[in-house]
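Student: I would like a close look at a single part of this model, with the contacts around that part described in order.

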Amino acid sequence: MARSRRKRAETPTEPTIEPAAAEPTTEAEAPVSPGQAEAKQPSKAFEPEEESTPAMEPAQTGVAEELSDLVEAEVGGEEEVFFPEGAEEGEEKRLNLEVQITERSACERHIVVTVPREDIERYFQKEFDELAETAVVPGFRPGRAPRKLIERRFRKNVADSVKLSVVFDAIDQINQQYKLTPIGEPELNLDAVILPDEGPLTFEYDLEVRPKFTVPEWRGMQLERWKVEASEAEVDRQLRRLLEEHGQLETYEGPAEVGDYVVMDLEFRLGDQVVAQSAGERIRIKRILSFYDAEIENFDQLMKGVRPGDVRQCTVKISPACPDVSLRGAEVTAIFTVREVMRLRVPELTPELLEKLGVQSEEDLRERIRQDILAEKAYLSRRYLRRQITNNLLKDAKWELPQRVLVRQARREYHRAVLELRDAGLSAEQIRQLTPSIASKTVTETAEALREHFIFEEIAQQLGLTVSESEVNEVIRRMARQQNMSPRRLRARLTQTGQLDAVVNMVLEQKVLNAILEEATIVEVSMPEGADEVESLRRAIGSLPEELTTVLNAAEV
């Protein structure tokens, strides 16, 4: 048979990474498509014992490993394609598939595939062609055994390899033929796929695909931009918070006031059912108490004057986007049992404390605080602009998204938001303070973020926007400087933790945002106050998927 090689089709949902001519390339894994996960090993001689059926190494039976992250999307794997005798190079022999596709939602497809016997036998013959050159059969020199004997002796051994090749080649062909754009791996139980001795092979699987939609009009938006400025009063408040971080909590015998800390037990009830509870939570009394999936307004008024032993309760409305479907939009009763009231003793700004903070004078410290405020406000101003853009783009985007896709996206969205904070120049302490609110938004706004991501991808394709390796390297260098580590080490850590794709997404989405802003009318307004009036708990009232909980509760930011 004649042989040729063809590139695997790249996943269309992944942004294009253009190699930079002047940048050193970093080795990356090629994206893994379903067929590649079961890549064939080079043919080896089979050496069965005289009186037993020859043994083969067990074939892999797992579904293909998760598609590689965004940065690796351009590196295509290769597979061998066989053509029948007389076929010209480039003429791919397609499977004669019978395909039934059921659309379960905008992003979910259930696919039933039937492969005719003729195609299955063709794959068997391909395996036997390779095997005939090296197979060892008693009484014959390697590669000299009769073809019929080889087929009879080794048919069961090559059946797993044939099954895997047929299944994954069929999936690849269906994606191309029906223009399906996967956003996740096929959900396929290979153990349940039985390759029959006679007749066709039938199997089924579920696939998450990119939804089809009309790109909304993104030109000519009317937007507001927050002014980025730092007043002396804001510097004073931030200096007070900085001193509080070096203060000491002491038991307070009097009634609690705003700014005090209260140690208490929490219980949440839906009717007579306890849906969540925790003991010994230390919570600072502020105007708003925030969870991943809910907020309690006027928490300061609820807790005003409490003493140990007091019990307070209120009604809490769970977010309609809560991952716990059973609690979406529900009203639950929150019960707070006070154990202890604590007050913070704030230290004086002494020369010793200034030295500990790494500055020589109060003026130097105030200037550093001012720069931190400006960096944080610049970030918040960009987020406010993006929120307005998102609201405009998603007015008519109401398609449902699978829960598994949302969990994966929540993980990516959280990492991307933290990377944006680093790239914006915020300090580690500022990032630590902001991550609870980011985590809360990640839980409640993941569906919006994913719909926005799909729309951004379409706009990027319209405008021909791509991400170059040099642009990725520049972001990594900038973040590495802020974290006092080498770019090589940071890149390795991002790759190891699967966050390199978040860097690429961040760069691509910023290009799309810039294009939208260039076409928008923008008015500057003052930034509202009150962001420091929120006390955020790193927990949800409803249950969260385990994978998402692990990400949101990660200590490292």
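Student: At what angle do helix α6 (residues 362-393) and helix α11 (residues 500-518) pack, and how far apart are their axes?

Tutor: This is a predicted model, in which local features need pLDDT of at least 70 and side-chain atom pairs count only at pLDDT 80 or more, while totals for chains, interfaces and linings use all residues. Residues are numbered from 1 along each chain as its sequence is written, and side-chain values use heavy atoms, with hydrogens and water left out.

Helices α6 and α11 pack at an angle of about 80°, and their axes are 12 Å apart. Helices (H or I, at least four residues) and strands (E, at least two) are DSSP runs, numbered from the N terminus. Axes are lines fitted to C-alpha atoms, for helices over the stretch in contact, and angles run from 0 to 180 degrees between N-to-C directions. The angle makes α6 roughly perpendicular to α11, a term that covers 65 to 115 degrees.

On the α6 side the contact (heavy atoms within 4.5 Å) is made by L385, R386, I389 and L393, and on the α11 side by E509, L513, I516 and L517. Of these residues, six are nonpolar, none is polar and two are charged. Here Ala, Val, Leu, Ile, Met, Phe, Trp, Tyr, Cys and Pro count as nonpolar, Asp, Glu, Lys and Arg as charged, and the others, Gly among them, as polar.

L393 and I516 also belong to the largest nonpolar core, which has 43 residues; together with W218, M221 and L494 they touch the most other members. A nonpolar core is a set of buried Ala, Val, Leu, Ile, Met, Phe, Trp, Tyr and Cys residues joined through side-chain atoms within 4.5 Å. Two or more residues of this core come from each of α6, α7 (403-423), α8, α9 (469-483), α10 (487-496) and α11. The most come from α11, which gives eleven residues. Leaving aside residues up to four places away in sequence, L393 touches P216, W218, M221, I455, F456 and I516. A second, separate core has 33 residues, among them I111, V115, I174 and V209.

A salt bridge is a side-chain nitrogen of Lys or Arg within 4 Å of a carboxyl oxygen of Asp or Glu, and the structure holds 28 of them. One joins the side chains of R366 and D236, at 2.9 Å from N to O. This pair links distant parts of the chain, with R366 in α6 and D236 in helix α3 (residues 232-244), 130 residues apart. R366 is buried at 16% relative accessibility, whereas D236 is partly exposed at 40%. Buried means under 20% relative accessible area, exposed over 50%, and partly exposed in between (1.4 Å probe, protein chains only). Both residues are part of a network of salt bridges that links E232, D236, R366, E367 and R370.

E448 is partly exposed, with a relative accessible area of 31%, and R387 is partly exposed at 28%.

Notes
Parallel < 35°, antiparallel > 145°, perpendicular 65-115°, else oblique.
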